[in-house]
Amino acid sequence: MPTIAPLDLEGHCIAAVFLGDVPHFALADGAIHRLDHGHKTIQANDGLLAAFHDAANDRLITGGEDGKVFAVKAGGEATELASAAKKWITSVAAGPQGAIAYATGKTAFVRFADSKTREFTHPRSVEGLAFSPKGMRFGVARYNGATLHFPAAEGKPVELEWAGAHTGITFSPDGAFLVTTMQENALHGWKLADGKHMRMTGYPGKVKSLSWSVKGKWLASSGAPAAIVWPFSGKDGPMGKAPLELGTRGNAMVTAVACHPSQDVVAVGYDDGMVMAVRFADAKEVLLRRPGKGAITSMMWDKEERRVAFGSAAGDCGVIDITA
């Protein structure tokens with residue numbers, strides 16, 4: 001059985017990430033806890049609403065009720081990157097060349113590494129943000145679809161329409177596909193080369209967590225009593241193909257997924273606090289953590305591929321060492 005270093009905190013964990021090799025846990029009150037030769041804490045936002053792990057720059061981007069955007073680095077250094085007066089920052093993302101994006105209300109902002117900022121206003125509220133891995137463009141999830149902007153250039157954005165409320169957004173690692181989570185129990189996707197639609201439905205619950213496998217051949221998702229894993233290796237993505245259903249449990253819902261950095265394996269977190277690792281090829285399961293307090297809200301593998309940081313809605317956090 002893997003060993004667990006527990007960290008029992010008060011409140012909802014929004015992000016559990018590794019910065020350097022140090023696990024960090026960002027809570028809804030804006031406190032960032034880390035296990036770094038003992039338990040240490042810093043305060044970033046006054047009320048945290050959104051967090052994004054900027055892997056390229058080894059930092060956590062946070063946005064909150066105080067209208068501020070911070071970058072938190074390993075060792076606990078928090079730097080304020082942007083401020084939107086007293087408006088709530090509801091979504092953040094990090095992109096190429098040190099750029100970040102953040103949203104408040106109907107407006108999305110892109111801040112470049114040189115601190116220059118551009119704003120993009122939409123007819124309805126901005127619900128999610130993501131940068132493409134290829135080139136300087138970013139996507140906004142909104143009511144009735146998604147909008148693609150090119151913040152470094154002038155010109156009209158690309159509008160991708162699909163009826164309904166789109167709440168989150170992600171690009172495939174090769175930049176070929178765009179996928180949104182929806183207010184209804186579904187995902188929607190577009191093949192960016194030709195705008196072809198991809199409908200991914202049949203979930204009993206809302207999809208709150210997505211994770212691309214190494215090289216983007218698979219997209220794992222929560223929202224069912226199993227991790228629903230869609231195949232994206234073909235030129236039309238998952239169209240006409242059935243997803244894998246991994247880690248099925250009859251009495252618990254999957255609330256978080258985190259694909260392994262180099263293998264076709266996914267860590268699956270459930271609403272009762274249990275965590276499993278499941279292999280795509282044969283659906284072989286390994287129990288990583290027994291049920292605990294609160295639904296699992298965030299998980300991440302470390303670079304050495306031997307530890308998983310996890311956090312829950314009840315502040316029941318920790319690190320699983322799978323080599324022990």
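Which residue stands opposite Phe 177 in E18? Keep that question in mind while reading these notes; point 2 comes back to it. Please remember throughout that this is a predicted model.

1. **The six-strand sheet.** Let's start with an open sheet built from six strands, in the order E14-E15-E16-E17-E18-E19 and with antiparallel pairing. Its edges are strand E14 (128-131) and strand E19 (196-200); each has a single partner strand, so one side of each is left without a neighbour in the sheet. From one strand to the next, the twist averages 45°. As background, strands of a sheet pair through backbone hydrogen bonds, and they can do so in a parallel or an antiparallel way.

2. **Inside that sheet: E17 and E18.** Strand E17 covers residues 177-182 and strand E18 covers residues 187-191; the two pair in the antiparallel sense over five bridges. Now for the opening question: the residue opposite Phe 177 is Lys 191 in E18.

3. **Phe 177 and its aromatic partner.** The count of aromatic pairs in this model comes to six. One of the pairs joins Phe 177 and Phe 232 in an edge-to-face arrangement, with 5.2 Å from centre to centre and 75° between the planes. This pair links distant parts of the chain: Phe 177 belongs to strand E17, while Phe 232 sits in the loop between strand E22 (227-231) and strand E23 (244-246), and the two are 55 residues apart.

4. Phe 131 and Phe 138 are both buried. Together with Phe 120, they form one aromatic cluster.

5. **The neighbours of E3.** On the E2 side, strand E2 (residues 13-19) pairs with E3 in the antiparallel sense over six bridges. Phe 18 has Pro 23 in E3 as its bridge partner. E2 and E3 make a hairpin with two residues between them, and Gly 20 in the turn has a positive phi of about 65°. Turning to strand E4 (residues 31-35), three bridges join it to E3, and the two run antiparallel. Here His 24 stands opposite Arg 34 in E4. E3 and E4 also form a hairpin, with three residues between the strands, in which Gly 30 takes a positive phi near 95°.

6. **Leu 35.** This residue is found in strand E4. Leu 35 has 24% relative accessibility and therefore counts as partly exposed. From C-alpha to C-alpha, Leu 35 and His 166 are 35 Å apart in space, and in sequence they are 131 residues apart.

7. **The four-strand sheet.** Another open sheet has the order E1-E30-E29-E28, again with antiparallel pairing. Strand E1 (3-8) and strand E28 (296-301) are the edge strands, each pairing on one side only. The twist here averages 15° from one strand to the next. Five bridges connect E28 with strand E29 (residues 307-312), and these two run antiparallel. Within this pairing, Ser 298 has Gly 311 in E29 as its bridge partner.

8. **The second largest pocket.** This pocket holds about 210 Å³ of space. Its lining includes Pro 2, His 260, Arg 279, Lys 284 and Trp 301. Strand E26 (275-279) and strand E27 (285-289) are the elements that give two or more residues to the lining. Which element gives the most? That is E26, with three residues. By class, the lining has eight nonpolar, two polar and two charged residues.

Key
Residues are numbered from 1 along each chain as its sequence is written. This is a predicted model: local features need pLDDT of at least 70, side-chain atom pairs count only at pLDDT 80 or more; totals for chains, interfaces and linings use all residues. Side-chain values use heavy atoms; hydrogens and water are left out. On a 1 Å grid over the protein atoms alone, a cavity is a set of points where a 1.4 Å probe fits but cannot get out, and a pocket is an open set with protein on both sides within 12 Å along at least five of seven lines; lining residues have an atom within 4 Å of a point. Grid points are joined across faces, edges and corners, and a volume is the space filled by probe spheres set on the points. Ala, Val, Leu, Ile, Met, Phe, Trp, Tyr, Cys and Pro count as nonpolar, Asp, Glu, Lys and Arg as charged, and the others, Gly among them, as polar. Two strands pair if DSSP finds at least two bridges between them. Axes are lines fitted to C-alpha atoms, for helices over the stretch in contact, and angles run from 0 to 180 degrees between N-to-C directions. Rings of Phe, Tyr and Trp (its six-membered ring) pair if their centres lie within 6.5 Å; planes under 30 degrees apart count as stacked, over 60 as edge-to-face and the rest as tilted. Buried means under 20% relative accessible area, exposed over 50%, partly exposed in between (1.4 Å probe, protein chains only).
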